[in-house]
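Welcome! Take a moment to look at the sequence and the 3D structure, and then we can walk through a few of the features together.

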Amino acid sequence: MPPRSFAAQARADTPLGPITLVATERGLSGLWFDGQKHHPGAIEAPIDAGQRWIAQALHELAGYWRDASAPFTVTLDPQGSPFQQSAWQALRGIAAGRTLSYGGLAQQLGRASAVRAVGAAIGRNPVAVIVPCHRVLGAGGSLTGYAGGLERKAALLRLEGRLL
């Protein structure tokens with residue numbers, strides 16, 4: 001499938017640093033922290049924080065920073081392979097304040113022997129925070145593998161009451 005063209009982009013400040021958001025006509029397609037691995041770099045799209053998916057995401061993120069149990073309902077349109085899409089969808093099923101291991105997520109996807117592939121798909125998650133890859137931990141609950149940096153992963157988990 002060819003990549004979709006972006007309808008709009010915006011920048012915003014968060015308690016964990018600046019972010020870039022992008023949207024297609026179909027939904028929010030990306031949310032990256034500055035310096036995040038797999039950030040797409042320069043994006044060719046008009047700057048428009050009022051675009052409907054971006055505006056909704058910014059509103060819901062503001063609610064999340066105040067109350068980490070606030071739900072995200074913004075329509076998403078992340079671009080990735082069918083396997084990546086299935087992993088990202090599974091991530092959305094991990095509620096705030098809950099965590100799951102990479103192995104547990106692989107089992108949930110029916111791919112128990114594909115822990116590394118699941119980890120790679122999670123690492124390519126293009127919609128940070130809203131698709132909560134920060135809720136996936138290593139074996140024994142270890143903090144590992146967050147494209148936005150382990151400090152941000154720990155901060156998000158603290159916000160959600162998972163780390164003291």
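Predicted model: local features only at pLDDT ≥ 70, side-chain atom pairs only at ≥ 80, totals over all residues.

## A short tour of the model

**Helix H2**
- Helix H2 covers residues 82–91, and its buried residues are Gln84, Ala87, Trp88, Ala90 and Leu91.
- Looking down the axis of H2, you would find these buried residues within an arc of 160°, so they line one face of the helix.
- The cover over the buried residues of H2 includes helix H3 (102–108), helix H4 (115–123) and strand E5 (136–137).

**Arg135**
- You can find Arg135 in the loop between H4 and E5.
- Is Arg135 buried or exposed? Its relative accessible area is 6%, which is under the 20% cut-off, so Arg135 counts as buried.
- A polar atom of the Arg135 side chain lies 2.5 Å from the backbone oxygen of Ile94.
- Beyond its neighbours within four places in sequence, Arg135 is in contact with several residues, among them Tyr64, Ala95, Arg98, Leu157 and Glu160.

**Strands E2 and E3**
- Strand E2 (residues 19–23) and strand E3 run antiparallel and are joined by five bridges.
- One of the pairs to look for is Ala23 with its bridge partner in E3, Leu28.
- The link from E2 to E3 is a hairpin through four residues.
- Strand E3 (residues 28–33) is mostly covered, with six of its six residues buried.

Terms used:
Residues numbered from 1 in each chain as written. Heavy atoms only, no water. Buried < 20%, exposed > 50% of the residue type's maximum accessible area, 1.4 Å probe, protein only. Helix = DSSP H or I, 4+ residues; strand = E, 2+ residues; numbered from the N terminus. Arc of directions from axis to C-beta. Contact = heavy atoms within 4.5 Å. Polar contact = N/O pair within 3.5 Å; in protein donor to acceptor, adjacent residues only side chain to side chain. Pairing = 2+ DSSP bridges.
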